[in-house]
Amino acid sequence: MVGAAKHTFDTVAFLANAGLERRIVKLAPKETFFTQGDPSDAVFYLQQGRARVTVVSEIGKEATIALVPEGEFVGEGALAAIPGLRLSTATAITACTALKIGRAEMIRAIHEEPEFSDRFMKFLLARSMRIQADLVDQLFNSSEKRLARILLLMAEYGQPGEPEMVIPKISQETLAEMIGTTRSRVSFFMNRFRELGFIDYKDRIHVHKSLLNVVLHDQLPDGDAEKRPIPALPGGRAKPAGGSCANPVLN
């Protein structure tokens, strides 16, 4: 008697191709995957590009809570026991290609496909660890060190493979929201990092490995720049060290 054919499941193929309750979506920069308050009915797997996850308070203040690289999921909150509304907004930073997976199909795959469930669990654990690290960073580190860490994360230092030396364009306002400081401080720190040879930028930001010394070894000359006043221009406007507040990369 011939036994039943053994079921095989290819997670890579599942996340690469459209299928039952799965479709490929393409987004231009600044297009949204979903908006805060939308029905939470699908999870997105980011095949290409970078995304930004934000929340808006009742008084209209926006905060960036995550930057998502390709190879990760967006909107995993849709898998909560009781379906509800989105608690955040996900927006494409660069041109993005993503697989939109319906909630029911996502739950089915987690329950029935161990290989997929294992991959998704690893993602959730990594996301949880990153959130904890973000909280520790916010509580204990200076805003200058927090900025260095964000730039390294965007360059994917510490991830498998070679780091992305050139990171996607991102505004000073977004960086300021993520590290809990002001735009003028971000401009001041960015110019300081450039003067110290940690980064370069013209059209895009180039992150050098030496920036790791800021995060790992606190190797910044002259103490903590955050404690020093920002030079002022006539009229009281803040002037970042090394140049003007405005630059084409971060505006």
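User: Which side chain does the side chain of Thr-64 make a polar contact with, at 2.9 Å?
Analyst: The partner is the side chain of Arg-52, where a polar contact is a pair of N or O atoms within 3.5 Å, one of which, within protein, must be able to donate a hydrogen and the other to accept it, and residues adjacent in sequence count only if both atoms are side-chain atoms. This is a predicted model, in which local features need pLDDT of at least 70 and side-chain atom pairs count only at pLDDT 80 or more, while totals for chains, interfaces and linings use all residues. Residues are numbered from 1 along each chain as its sequence is written, and side-chain values use heavy atoms, with hydrogens and water left out.

User: And which side chain does Thr-64 meet at 3.0 Å?
Analyst: That polar contact joins the side chain of Thr-64 to the side chain of Glu-177.

User: Is Thr-64 buried or exposed?
Analyst: Thr-64 counts as buried because its relative accessibility is 7%; buried means under 20% relative accessible area, exposed over 50%, and partly exposed in between, with a 1.4 Å probe and protein chains only.

User: What else is Thr-64 in contact with, leaving aside neighbours within four places in sequence?
Analyst: With contact meaning heavy atoms within 4.5 Å, the list for Thr-64 is Arg-52, Val-53, Thr-54, Thr-174, Glu-177 and Met-178. For Met-178, the C-alpha atom is separated from that of Thr-64 by 5.5 Å, although the two residues are 114 residues apart along the chain.

User: Where does Thr-64 sit in the fold?
Analyst: Thr-64 is found in strand E5, residues 62-68, where helices (H or I, at least four residues) and strands (E, at least two) are DSSP runs numbered from the N terminus. Strand E4, residues 51-56, runs antiparallel to E5 and is joined to it by six bridges, and two strands pair if DSSP finds at least two bridges between them. Within this pairing, Val-55 stands opposite Ala-63 in E5. The hairpin of E4 and E5 has five residues between the strands, and in it Gly-60 takes a positive phi near 90°.

User: Switching to charges, how many salt bridges are there?
Analyst: The count comes to 13 salt bridges, each being a side-chain nitrogen of Lys or Arg within 4 Å of a carboxyl oxygen of Asp or Glu. One of them is formed by Arg-127 and Glu-72, whose closest N and O atoms are 3.3 Å apart. That pair links distant parts of the chain, with Arg-127 in helix H3 and Glu-72 in the loop between E5 and strand E6 (73-74), 55 residues apart.

User: Are Arg-127 and Glu-72 buried or exposed?
Analyst: Both Arg-127 and Glu-72 are buried, and the two belong to a network of salt bridges that links Glu-72, Glu-76, Arg-127 and Arg-130.

User: What about Glu-173 and Arg-183?
Analyst: Their side chains meet in a salt bridge at 3.1 Å, N to O. Here Glu-173 lies in helix H5 (residues 172-179) and Arg-183 in helix H6, ten residues apart. Glu-173 counts as partly exposed because its relative accessibility is 40%, and Arg-183 counts as partly exposed at 27%.

User: Last one, which residues form a nonpolar patch on the surface?
Analyst: Leu-135, Val-136, Leu-139 and Phe-140 form that patch, with about 460 Å² of accessible area together. Patches are made of residues with over 30% relative accessible area and no salt bridge, like charges being joined within 9 Å and nonpolar side chains (Val, Leu, Ile, Met, Phe, Trp, Tyr) within 5 Å, and accessible areas come from the Shrake-Rupley method with a 1.4 Å probe, only the protein chains shown counting as cover for residues. Phe-140 is found in helix H3, residues 114-140, and is exposed, with a relative accessible area of 66%.
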